[in-house]
Amino acid sequence: MRKEVINQVKPFRIIIRSIRDSFKSVFRNFSLSMASVICTTITLILVALAIIVTVNVNHVTKTMEEELTIVVYAKEEATPEQVENIENRINKISGVKDVVAKSKEEWKLEMKNYSHTLEVTLDYLENNPLLDSFIVTVNDVNNLAPTAKEIRTFDGVESANYGEGMVEEIISVFDVIKTVTIVIVIALVLVTAFLISNTIKLTIFSRRSEIEIMRLVGSSNISIKLPFIFEGFLLGIVGSLIPVIVAIYSYVIIYEKFGGSISFGVIELVKPMPFILYTAAILVIIGSVVGMFGSSRAVRKHLKI
Amino acid sequence: MKFIRIKDCYKVYKNGVAAIADLTLDIDKGEFVFVIGASGSGKSTLIKMLYREEKPTKGIVEIGGINVGKLRNRTVYKLRRKLGIVFQDFKLLPKLTVYENVAFALECIGMKGNEIRPRVLKALEHVGLKDKTRSFPNELSGGEQQRVCIARAIVNNPKLLICDEPTGNLDPKTSKEIMDVLDAINKDLGTTIIMATHDKEIVNRMKKRVIVLDSGVLAQDHEKGSYKSSEAF
Ligand SMILES: Nc1ncnc2c1ncn2[C@@H]1O[C@H](COP(=O)(O)OP(=O)(O)O)[C@@H](O)[C@H]1O
Ligand SMILES: [Mg+2]
């Protein structure tokens, strides 16, 4: 019975041993480990890029969708009753979120403020040449076209326009970009897992006599597997270091240069904090999970335990 | 109850080779048993079934009341901790010293460092290698290397020591030294020893129980001392 007690598995010692062994073996198979780490690094940089692009595209698409409006102009000869009628009827269309009326007087005031030349010109004219208008916001991009079409049939409506074609095109291009990035990321993650798995396979191969002896003298399966799992984990973590640093620094710099102060047109970038830190955490998690996944695959295939 | 009980045991490999057929055999605690037979007669297969490297296709292989063939892969290590195994091809780790090679077996099962040292030194004393602890395997003769393997096999005080042709790579004089070490372990520690060999010289001289396999079938089972080499092979 005394022997039984002594022979009990000591989990703590096994874990320490596994960590030590995994470090040792990273150095023993240095060139191969480097190859895995570099591949992980490249993959994760692309993953970071993909995340940044996808999230920003989503962000932009959403902003655009929120800002989607139909501009409705009343005919010049429309009576005030007709104009009021138009507003009421637009409000009754389902899917319309908001209608903001802007009379020709308001337009005139705004334009006068805009430039001195305009002010002089407008004052010179006897009649107000501008049109009464409404800005219509819809709930869904897809409602844009039918709503505009319906409004055009109303009495006294001169025009009802939105960024026809352009908006839909931009959104569908963004959708393609999103799909392509997701596919690329999945492919890269698989390639990395495969490479790490191969690295571990070679480690297993280079240690096969040791493993054989371990099995003969009664190492538990977990203590045989653990060093390899740790090794994969280690490769994944080391591989994610450079991507994390690159992602954080470059995004913050890019945001400061373009995103924050100057927004190019409708495109405005997502604020770096905490977004880029989440991205970094995701990179580390992907790196370590892919590493462990790769190594457990190798262990399952080549250890036969 | 018998220490080792093999009953109606068959082993057919995946390729269809019937390596062991209808084997029934008992071995007592403390016995020293030779398993002999021509090459391909199934000696190694029998040995492998004892340490559960192979499972019997049919029948029972029982050690100390445990049906070894029924063990799950996951729990085989518990059996291995109670066994010592020695092979023809030593299986030492070339980058470790004699001491480290023996200590490795105890480290693998999670023993504490301060418990390891006295056990390793005692095991090395048993095989007469106490002054070679710092040597590396490639600095040792074949006989010395095999003695390191024996030390590693007994360092955890197993009840059963299994040897598959331990003298197969050694000259007669060295073989005799190895046999002396094994005999001493059997007598002093009471360890049950099962040894597969085709060295008639050794079997004749040792006067132990001899089990003769012929094409996987138990051909003869000689009581201690009654075996004459002319009867077999
Ligand atoms: N892993 C295996 N797969 C298939 N056949 C095997 C395997 N191991 C041994 N054999 C066959 O089983 C028979 C017995 O082999 P073995 O037990 O190694 O005999 P011995 O050790 O007495 O020389 C031989 O015919 C051998 O070819
Ligand atoms: Mg053999």
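Among contacts in chain B between residues at least 6 apart in sequence, 68% join residues at least 24 apart; a contact here means heavy atoms within 4.5 Å. The model is predicted, with local features requiring pLDDT of at least 70, side-chain atom pairs counting only at pLDDT 80 or more, and totals for chains, interfaces and linings using all residues. Residues are numbered from 1 along each chain as its sequence is written, chains are lettered from A and ligands numbered from 1 in the order in which they are written, and side-chain values use heavy atoms, leaving out hydrogens and water.

Chain B holds seven helices and 10 strands. These are DSSP runs numbered from the N terminus (helices H or I, at least four residues; strands E, at least two). The radius of gyration of chain B is 17 Å, which agrees with the value near 17 Å for a compact globule of 233 residues. That radius is taken over C-alpha atoms, and the globule rule is 2.2 Å times the number of residues to the power 0.38. Along the principal axes, the C-alpha atoms of chain B fill a box of roughly 45 × 40 × 35 Å.

Of the 233 residues in chain B, 54% are buried. Buried means under 20% relative accessible area, exposed over 50%, and partly exposed in between (1.4 Å probe, protein chains only). Chain B exposes about 10,500 Å², and carbon and sulfur atoms supply 49% of it. Accessible areas come from the Shrake-Rupley method with a 1.4 Å probe; for residues, only the protein chains shown count as cover.

Helix α6 of chain B covers residues 172-189. Its 18 residues should span 26 Å at 1.5 Å a residue, and its end C-alpha atoms are 25 Å apart, which agrees. The expected span is 1.5 Å times one less than the number of residues. Buried residues of α6(B) include B:Ile178, B:Val181, B:Leu182 and B:Ile185. The buried residues of this helix pack against β3 (32-36), α4 (113-126), α5 (142-154), β7 (160-164), β8 (192-196) and α7 of chain B.

Some backbone angles deserve mention. Most residues other than glycine have a negative phi, and most peptide bonds are trans. B:Asp8, not a glycine, has a positive phi of about 45°. B:Asp8 lies in strand β1 (residues 4-12) of chain B and is partly exposed, at 34% relative accessibility. B:Lys207 also has a positive phi, near 55°. B:Lys207 sits in the loop between α7 (200-206) and β9 (209-214) of chain B. Its relative accessible area is 48%, so B:Lys207 is partly exposed. In chain A, the peptide bond from A:Met273 to A:Pro274 is cis, with omega near 0°. A:Pro274 belongs to helix α11 (residues 272-303) of chain A.
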